[in-house]
Amino acid sequence: MRHRAIRPEPLFFELNPRRVRRQGYMLPTLDVPPVEPAEVLPADLVRDPDPHFPDIGEMEVVQHFHRLSQLNYAVDEGLYPLGSCTMKYNPRINEQTARLPGFASIHPLQPVTQIQGALRLIWELEETLKTITGMPGVTLQPAAGAHGELTGILMIRKALSARGDAREVVLVPDSAHGTNPATASFAGYRAVEIASADDGTIDLGALEKMMDDTVAAIMLTVPNTLGVFEHRIVEVSKIVHDRGGFIYLDGANLNAFAGRALPGLMGADAMHINLHKTFSTPHGGGGPGAGPVTVSEALLPHLPVPRVVRAGDDYGLLWEDPESIGPMRGFYGNFLILVRALTYIRSLGAEGLRTMSDVAVLYANLVRHRLSGAYHLKYDAPSMHEVVFDDSRQARHEVHNTDIAKRLLDYGFHPPTMSFPLIVHGALMIEPAESVPPEEVEAFCDAMLAIAKEAEENPELVKTAPHDTPVGRVDEVRAARDLKVRWAPEGENV
Ligand SMILES: *Cc1c(COP(=O)(O)O)cnc(C)c1O
């Protein structure tokens, strides 16, 4: 077991509980008469009542926040096996390039003559993503995967309305990420669920029946959220295209096949790529991301503006295009995330990208191989970059996926994704991601195997976990219903 001794940390307001008078800095004795705030500030700017800031010194402030930071689990700490999320390490060279003053200190309203380097970087990343996907066009504007989905579906809607073909439905498999049906509805379509076949991939028979001239598009995740490759994707594309629909690929799992297969050849019309998943860059905690969308010939005219254009060695911006869906975000999107992604891709090179995908798949299969004796695998089709187990064997001892996840905390690991995809009850969706050393993947498997054994021999131990964390098991229902978002001094109600 990997143990980190962590003391519980009081709230900032609870530091210095005896309210001993302390101050952050030693300042020279005041040599002018002291004034009360109310004497020099307008009354409505004077804070009342006392905000109860604790009197604490600078070092206590630093130590408090440092200790808080230690309560977080992070990719810089170890394996972070959240399936679908691809929590991979962000190499520090990404941060070095993103901090270069020529990238970090520019402003989007500067004249294009002053930001030629930045525009060239956008152009080069666009060209690189076209090569990686085998698709002829791309926009880097969307701020995340979900935003990319919306951008793609709006382009599809624009293409359909340009040919006078209003359609109502977007088909979404029952294994899809929740953002897919949400996007379809947000774009004004009705999301209709399409069932998966026994191997977890799309049911072609169901598609044949449902695909008619009311269907605008199908949104497919490749490989899907079970980590299974849609091996009939070319047939799916043919059925959908023959009946006038479009293929939207959710490319959040591109780290399973980048450098090995081209979505362009699978028949994709639009596909978002999560730069913050596939191509490192910091990710999680709601930080900025980027969800570029690559498109087929059919959608090229509808790409958002502004677009970076090139004439010889000069770069410019195209702001107006009547066929475009218009801007999806201020200026060009989250620019410094683009810098990080291009840095990552360039530092790996084509061969490195292939290795990235290979190792992602290898690790998921290592986990599958080591754990499938202890955990149940509902779909046993070959795994790509992630593997989805369920808790049905442990449930016999009343141990469920939440308990397993909590117990993993005691072993020093972040839990996997749970309860998703929805078609797997009690899911444990594990994606090691390729950036950790193999020993780390093995250590995670050891922990999972130890927990499976505990579930049989001492289920109570697992059901009451975590035992070694600063905060034990929380009452999740109460935490959601009885939300306290503000500290209040004793005796004061919020
Ligand atoms: C993460 C993810 C999304 C959404 O991407 P965000 O960048 O989080 O908005 C969509 N689909 C799948 C399969 C994902 O894993």
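## Strands β10 and β12

Strand β10 and strand β12 (residues 427-430) run antiparallel and are joined by four bridges. Within this pairing, Val387 stands opposite Ile430 in β12. The coordinates discussed here belong to a predicted model.

## The three-stranded sheet

The two strands belong to an open sheet of three strands, whose order is β10-β12-β11 and whose pairing is antiparallel. The edge positions are taken by β10 (387-390) and β11 (417-418); each has a single partner strand, so one side of each is left without a neighbour in the sheet. Helix α12 packs on this sheet and touches β10 and β12. The direction of α12 makes about 25 degrees with that of β10.

## Packing of α12 against α15

Helix α12 (residues 335-371) also meets helix α15 (residues 438-457). Two packed helices are described by the angle between their axes and the distance between the axes. Here the axes come within 10 Å and cross at roughly 30 degrees. Angles under 35 degrees count as roughly parallel, and α12 and α15 are therefore roughly parallel to each other. The crossing in which α12 passes α15 is right-handed.

On the α12 side, the contact is formed by Tyr363, Leu366, Val367, Arg370 and Leu371. Their counterparts in α15 are Pro438, Val441, Glu442, Cys445, Asp446, Met448 and Leu449. By class, the residues of this contact comprise nine nonpolar and three charged, with no polar residue.

## Glu454 in α15

Helix α15 also contains Glu454. Buried means under 20% relative accessible area, so Glu454, at 13% relative accessibility, counts as buried. Leaving aside residues up to four places away in sequence, Glu454 touches Arg407, Tyr411, Pro459, Leu461 and Val462.

## The seven-stranded sheet

Another open sheet has seven strands in the order β1-β7-β6-β5-β4-β2-β3, and its pairing is mixed. Its edge strands are β1 (137-139) and β3 (190-194), each of which pairs on one side only. From one strand to the next, the twist averages 25 degrees.

Within this order, strand β4 (residues 215-221) and strand β5 (residues 246-250) run parallel and are joined by five bridges. Ala217 has Phe246 in β5 as its bridge partner. Helix α9 (residues 233-242) packs on the sheet, where it touches β4 and β5. The direction of α9 makes about 140 degrees with that of β5. Helix α6 (residues 145-162) lies across β1, β4, β5, β6 (270-272) and β7 (293-295). Relative to β5, α6 runs at about 175 degrees; angles over 145 degrees count as roughly antiparallel.

## The chain as a whole

The secondary structure of the protein chain comprises 17 helices and 12 strands. Its C-alpha trace spans about 80 × 70 × 45 Å along the principal axes.

Of the 494 residues in the protein chain, 48% are buried. Among contacts between residues at least 6 apart in sequence, 70% join residues at least 24 apart.

How values were computed
Residues are numbered from 1 along each chain as its sequence is written. This is a predicted model: local features need pLDDT of at least 70, side-chain atom pairs count only at pLDDT 80 or more; totals for chains, interfaces and linings use all residues. Side-chain values use heavy atoms; hydrogens and water are left out. Axes are lines fitted to C-alpha atoms, for helices over the stretch in contact, and angles run from 0 to 180 degrees between N-to-C directions. Angles under 35 degrees count as roughly parallel, over 145 as roughly antiparallel, 65 to 115 as roughly perpendicular and the rest as oblique. A crossing is left-handed if the near helix is turned anticlockwise from the far one by less than a right angle, and right-handed if clockwise. Contact means heavy atoms within 4.5 Å. Ala, Val, Leu, Ile, Met, Phe, Trp, Tyr, Cys and Pro count as nonpolar, Asp, Glu, Lys and Arg as charged, and the others, Gly among them, as polar. Two strands pair if DSSP finds at least two bridges between them. Buried means under 20% relative accessible area, exposed over 50%, partly exposed in between (1.4 Å probe, protein chains only).
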